[in-house]
Amino acid sequence: MTNTSVFRIYTCLLLMLLIHTTTFTQCIEGNCINGIGTFKYPSGAKYSGNFENNKIHGKGTLYFGNGDVYFGYWINNYRDGTGKYIFATGDVYKGEFKKSKFEGKGMMNYADGKVYDGQWRDNLPSGAGKYLYVNGEKYEGNLKNGKRHGQGQMVYQDGSIYEG
């Protein structure tokens with residue numbers, strides 16, 4: 001095989017790769033390298049907002065292919081800072097994010113009417129927080145990995161209180 005043949009094969013393969021990549025993921029508007037733009041993903045997701053060094057960075061909105069939506073801040077392609085995540089199921093989280101996880105202070109309004117307001121860690125209620133239930137009951141106290149843990153107070157529908 002000659003050098004010319006190898007070069008032609010290499011060029012064809014590179015061209016096919018570029019065509020394949022740009023067919024499915026692409027900047028469809030603006031400047032998706034350093035500026036404000038809109039980027040479309042193979043999953044059907046679409047991001048509109050700030051870019052820095054070819055990464056999502058700053059303020060923007062991501063529309064997921066499954067119907068979820070995130071509005072808020074980004075650092076190097078991660079949801080990071082304050083934001084609002086609306087699930088296709090109807091649940092809505094508003095609060096702090098770190099490396100795309102619920103992390104820090106936040107509030108989740110669940111589609112069933114339940115509300116949690118407090119600390120989060122690794123996408124789960126952890127630390128001090130309050131649950132308000134649809135039936136009027138409420139819990140205020142500590143949580144760990146999404147479950148009541150340690151000291152807290154539960155006020156039941158009939159007005160009785162459990163502390164412990």
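In the predicted model, the charged end of Arg-148 is placed over the ring of Tyr-139, at 5.4 Å from the ring centre.

Strand 6 (residues 78–86) and strand 7 (residues 92–98) run antiparallel and are joined by six bridges. Within this pairing, Gly-81 is opposite Phe-97 of strand 7. Five residues separate the two strands in their hairpin, where Gly-90 adopts a positive phi near 110 degrees. Strand 7 also pairs with strand 8 (residues 101–109), again in the antiparallel sense and over six bridges. Here Gly-95 faces Gly-106 of strand 8. The hairpin of strand 7 and strand 8 has two residues between the strands, and Lys-99 in its turn has a positive phi of about 50 degrees.

The largest nonpolar core comprises 21 residues, with Tyr-93, Phe-102 and Trp-120 making the most contacts inside it. Among the elements that give two or more residues to this core are strand 7, strand 8 and strand 9 (115–121). Phe-102 is buried, at a relative accessible area of 7%. Its contacts include Tyr-85, Tyr-93, Met-108 and Trp-120.

The structure contains 17 aromatic pairs. In one of them, the ring centres of Phe-64 and Tyr-85 are 5.5 Å apart and the planes meet at 40 degrees, so the pair is tilted. Phe-64 belongs to the loop between strand 4 and strand 5 and Tyr-85 to strand 6, so this pair links parts that are 21 residues apart in sequence. Phe-64 is partly exposed, with a relative accessible area of 23%, whereas Tyr-85 is buried at 8%. Tyr-85 also forms an edge-to-face pair with Phe-102, at 6.4 Å centre to centre and 75 degrees between the planes.

Key
Residues are numbered from 1 along each chain as its sequence is written. This is a predicted model: local features need pLDDT of at least 70, side-chain atom pairs count only at pLDDT 80 or more; totals for chains, interfaces and linings use all residues. Side-chain values use heavy atoms; hydrogens and water are left out. Two strands pair if DSSP finds at least two bridges between them. Helices (H or I, at least four residues) and strands (E, at least two) are DSSP runs, numbered from the N terminus. A nonpolar core is a set of buried Ala, Val, Leu, Ile, Met, Phe, Trp, Tyr and Cys residues joined through side-chain atoms within 4.5 Å. Buried means under 20% relative accessible area, exposed over 50%, partly exposed in between (1.4 Å probe, protein chains only). Contact means heavy atoms within 4.5 Å. Rings of Phe, Tyr and Trp (its six-membered ring) pair if their centres lie within 6.5 Å; planes under 30 degrees apart count as stacked, over 60 as edge-to-face and the rest as tilted. A charge sits over a ring if NZ of Lys or CZ of Arg is within 6 Å of the ring centre and within 35 degrees of the ring normal. Lists of a residue's contacts leave out its neighbours within four places in sequence.
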